[in-house]
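Welcome! Let us walk through this structure together, one piece at a time.

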Number of protein chains: 2
Amino acid sequence: MSIVITGGAGFLGGLVTEALLERGGEEELVSLDLAPSAHTSPRVRSVVGDLADQGVLEEAVGPETTAIIHLAAVLSGGSEDDFDLSMHVNVDGTRALLERARTVSAGADAPLRFVATSSLAVFGGEVPSVVPSSWATQPDSTYGALKAVVELLVNEYSRKGFVDGRVCRLPTISVRPGRPNSAASSFASGIIREPLQGVESVCPVPHDTLMWLSAPRTAVTNLLHALDLPPEDLGSWRVMNIPGLTVSVGEMLETLGRVGGDVARSLVRDEPDARITAIVGSWPGAFEVDDLLERGFVRDESFAQMVQEYVEDHLAAP
Amino acid sequence: MSIVITGGAGFLGGLVTEALLERGGEEELVSLDLAPSAHTSPRVRSVVGDLADQGVLEEAVGPETTAIIHLAAVLSGGSEDDFDLSMHVNVDGTRALLERARTVSAGADAPLRFVATSSLAVFGGEVPSVVPSSWATQPDSTYGALKAVVELLVNEYSRKGFVDGRVCRLPTISVRPGRPNSAASSFASGIIREPLQGVESVCPVPHDTLMWLSAPRTAVTNLLHALDLPPEDLGSWRVMNIPGLTVSVGEMLETLGRVGGDVARSLVRDEPDARITAIVGSWPGAFEVDDLLERGFVRDESFAQMVQEYVEDHLAAP
Ligand SMILES: NC(=O)c1ccc[n+]([C@@H]2O[C@H](COP(=O)([O-])OP(=O)(O)OC[C@H]3O[C@@H](n4cnc5c(N)ncnc54)[C@H](O)[C@@H]3O)[C@@H](O)[C@H]2O)c1
Ligand SMILES: NC(=O)c1ccc[n+]([C@@H]2O[C@H](COP(=O)([O-])OP(=O)(O)OC[C@H]3O[C@@H](n4cnc5c(N)ncnc54)[C@H](O)[C@@H]3O)[C@@H](O)[C@H]2O)c1
């Protein structure tokens, strides 16, 4: 038995692998990524290669596979810079993976569970202050458009019984470790992470901008909950707006001041960026999620706690 | 100069070709279809072959092309029966065509106009009595799912400036000539067309079912209006819920009685079909379209007039 994690060498892939290792079990954890998994447990096997490559898929996904957690993707900055690469990975790669899962499922008792991730970037234009599950996806980025395509494909493969899909539209992850990247949402981690390490950071949006946030561990808990849910607890539409916390950028900066002190706070410089403000401003700041909370999904309690989690995981003395 | 009409040998393709011939002009009209166009005008050139075939595309679309009207598709019944064929034609075929248009546009002054059609089948589940343009596509058919993918792709290719796309979500066409087909909406023409020719027909849905209808010629007028609109008259989201008329099935049958008399009316037998009722019941019966009417799109005035159009076009003595 195995669980395949595409993008297993990435940020969320690493955390998902860790969480699956921690909860025990017998399954082999197969990381399918362009790079090998950082985990050294004997339970982890790395298949290194392109998601869209049939040979690579056959090496990773087989009759022993019980579930797929599909995280491999070209993210927002990369997708905007290279449309064709985003098509190749996000659309063709996902399709190849769905087809492989369909083939394997055809010989199994039940279709393979298939957890995929989507993003707030599927939304665009004007959005209401609290977005219902019936709100249209009218993306204005390549990343959002192709994630919306992925949602439709996973849902349709599920309706046909080819896979048992669950698509998680994740909130913006904060505080994400690592370096600033080209994503429009990069500042949502940067304005906390950099100052806490004594490094300057730029805030490109007005302080009243509302963000829909999830700490990394909370996102992973929700991904694994999506994996565990029995099919009868899912609606016929398999795409879920995963719970997050609504936090204004102003509140984020106040929290930074409380946790890191005046010095940290003073390292954030306001430098309005019209492009980022337009993109982030078209992302919903809140969703109707009561239904998902009832079905066992969770959200963070406060931004202070989210910052605390980052400090403990990445900055605390060992 | 040429206008390419994919699906040019099909029902709407034939009418679009006719309308373009009637309005005059210099452009060659290129029909790209598995079958040759029925039109014999010297202005019409048929390219016979598969939309997804690169050689066929190169024969049809070139530097002389000024616009593409993309109608070729596997329709709802065929898509439900053969998922892979629907993927091949509706998704891969559309992508190949978009890529060809992108290549040609790269050498042109402005990106090629690209009119595509979508359908009410992109909607599913619960819908409000009047559907706004911000309502989510949560299809529960292969046809609907893959049309929703096409919408996203055409919109994204437009946002990137690869083509100048316009997607028309057409109402259900009634009265469509020809024979009953496997589409769930087939009855919306059948309950009028068959009885007017003395043939029995079955009504599979309750009489209070609301349909969103367009006569064939009105749909063609709107497709050509979508083609003609300057890009600045389009929103940034290029998908439009094309105006239709809300008519209950009961009103349709009354109109049949008035136009065709008691004999015609008595030829329609109620035979409830749960599957068709569920599908058609999940399609919106009305949309918010004021904005499109202001931008010059039109709709039929009455169902009686729509039936009259069918009688004149197909039953009247020559
Ligand atoms: N982090 C967030 O804020 C966030 C929010 C919403 C959704 N998501 C989604 O969650 C998933 C994981 O995100 P992440 O933050 O861990 O991203 P990441 O960039 O850290 O990881 C993505 C991984 O995919 C791999 N990959 C890229 N192309 C590949 C290919 N052709 N074949 C195989 N592997 C390939 C990369 O090597 C990388 O390890 C993505 O699908 C992302 O879109 C993330
Ligand atoms: N008629 C309606 O009620 C309605 C409603 C909404 C949307 N639409 C859309 O309008 C378009 C035209 O519909 P129609 O009613 O004329 O359908 P139709 O079936 O009469 O015509 C479709 C044409 O596409 C051609 N075709 C199929 N596969 C092909 C391929 N691989 N390569 C080239 N050509 C191929 C067929 O040969 C056919 O001539 C379709 O995209 C349909 O989805 C129709």
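At what angle do the axes of helix 8 and helix 11 of chain A cross? Helix 8 (residues 249-266) and helix 11 (residues 303-315) of chain A cross at roughly 50°, their axes coming within 10 Å. Helix 8 of chain A is therefore oblique to helix 11 of chain A; angles under 35 degrees would be roughly parallel, over 145 roughly antiparallel, and 65 to 115 roughly perpendicular, with the rest oblique. Where they meet, Met252(A), Thr255(A), Arg258(A) and Val259(A) of helix 8 face Phe303(A), Ala304(A), Val307(A) and Val311(A) of helix 11.

A word on the source: this is a predicted model, where local features need pLDDT of at least 70, side-chain atom pairs count only at pLDDT 80 or more, and totals for chains, interfaces and linings use all residues. Residues are numbered from 1 along each chain as its sequence is written, chains are lettered from A and ligands numbered from 1 in the order in which they are written, and side-chain values use heavy atoms, leaving out hydrogens and water.

Now turn to chain B, where seven strands form an open sheet in the order 3-2-1-4-5-6-10, with parallel pairing (two strands pair if DSSP finds at least two bridges between them). Strand 3 (44-48) and strand 10 (239-241) of chain B are at the edges with a single partner strand each, so one side of each has no neighbour in the sheet. Further in, strand 1 (residues 2-6) and strand 2 (residues 28-33) of chain B run parallel, joined by five bridges. Ser2(B) lies opposite Glu28(B) of strand 2 of chain B.

Technical notes: Axes fitted to C-alpha atoms, helices over the stretch in contact; angles between N-to-C directions. Helix = DSSP H or I, 4+ residues; strand = E, 2+ residues; numbered from the N terminus. Contact = heavy atoms within 4.5 Å.
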